[in-house]
Amino acid sequence: MKELRCRDVGFDCDGVVAGETEYDVLSQAASHAQEVHSMTEDQVNDPDFASQVSTQVHDKP
């Protein structure tokens, strides 16, 4: 199981997304960023942002 904490990406947010794979987590994180942080689809799909986010995905304890 993998997870991502929103704070680890730099947002002042207690959100945590989890999934079986890194892809699952990144997909949920993109939806969360759009819904909660008002990011556009272009922003969440930006290669630099996606790279930054993917480095913060880790195994769930």
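Visitor: Is R7 buried, partly exposed or exposed, and at what relative accessibility?
Guide: The model is predicted. R7 joins D14 through a salt bridge between their side chains. Buried requires under 20% relative accessible area and exposed over 50%. R7 falls in between and counts as partly exposed, at a relative accessibility of 43%.

Visitor: Which residues are linked with R7 in a network of salt bridges?
Guide: The structure holds four salt bridges. One of them joins D14 and R7, at 2.8 Å from N to O. D14 counts as exposed, at 65% relative accessibility. The residues linked with R7 in the network are D12 and D14.

Visitor: How many residues apart in sequence are the parts that D59 and K2 tie together?
Guide: The side chains of D59 and K2 meet in a salt bridge of 2.8 Å, N to O. D59 lies in strand β3 and K2 in strand β1, so the pair ties together parts whose separation in sequence is 57 residues.

Visitor: In what order do the three strands form the open sheet?
Guide: Strand β1 (residues 2–5) is joined to β2 by four bridges. The edge strands, each pairing on one side only, are β2 (16–19) and β3 (58–59). The pairing is antiparallel, and the order is β2-β1-β3.

Visitor: Which element supplies the largest share of the largest nonpolar core?
Guide: This core has eleven residues, including L4, V17 and A29. At least two residues come from each of α1 (22–37) and α3 (47–54). The largest share is three residues, and the element that supplies them is α1.

Terms used. Residues are numbered from 1 along each chain as its sequence is written. This is a predicted model: local features need pLDDT of at least 70, side-chain atom pairs count only at pLDDT 80 or more; totals for chains, interfaces and linings use all residues. Side-chain values use heavy atoms; hydrogens and water are left out. A nonpolar core is a set of buried Ala, Val, Leu, Ile, Met, Phe, Trp, Tyr and Cys residues joined through side-chain atoms within 4.5 Å. Buried means under 20% relative accessible area, exposed over 50%, partly exposed in between (1.4 Å probe, protein chains only). Two strands pair if DSSP finds at least two bridges between them.
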